[in-house]
Amino acid sequence: MKCRCKLGKKDFLFLIAGLAAGAANGFFGGGGGSILVPMLTKKCGLEPKTAFATSVAVIAPVCAVSAAVYAFRGELEGANLLPYALGGLLGGAAGGVLLKKVNSKALTVLFGALMVLSGVRILWVA
């Protein structure tokens, strides 16, 4: 049976965005969303709220795969996992509810500020 699907330019951009996000997430242990959200908004043309929600949906399985690789290599710190996972689940639920209440412009500015603060903090500690 022949495959009748054809990948267009936008599909290729989604593929590249996912590849970049997955590579960053696997290499750095996180940060795929910081690559994915700008690519989804600027290159793929998604609305900011849709891009943030899509990023979360994409990053969840990417994180699971990265965590499995780290666990297989014995690099996962299991004792610390539960409190972070519980906090992350609660924070994720709160963020999902709040996403609907924040306008797209404010959301984009907040995301940019978070990226800048994160970058400064990482450079400061390094």
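Guide: Contact here means heavy atoms within 4.5 Å. This is a predicted model, in which local features need pLDDT of at least 70, side-chain atom pairs count only at pLDDT 80 or more, and totals for chains, interfaces and linings use all residues. Residues are numbered from 1 along each chain as its sequence is written, and side-chain values use heavy atoms, with hydrogens and water left out.

Visitor: Is Ser-55 buried or exposed?

Guide: Ser-55 has its place in helix 3, helices being DSSP runs (H or I, at least four residues) numbered from the N terminus. Buried means under 20% relative accessible area, exposed over 50%, and partly exposed in between (1.4 Å probe, protein chains only). At a relative accessible area of 5%, Ser-55 is therefore buried.

Visitor: Which residues of helix 2 are buried?

Guide: Cover for the buried residues of helix 2 comes from elements including helix 1 (9–28), helix 3 (48–72) and helix 5 (104–125). The buried residues are Gly-32, Gly-33, Leu-36, Val-37, Met-39 and Leu-40.

Visitor: How far apart are the end C-alpha atoms of helix 2?

Guide: The expected span of a helix is 1.5 Å times one less than its number of residues. Helix 2 (residues 32–43) has 12 residues, so it should span 16 Å; this agrees with the distance between its end C-alpha atoms, 16 Å.

Conventions: Helix = DSSP H or I, 4+ residues; strand = E, 2+ residues; numbered from the N terminus.
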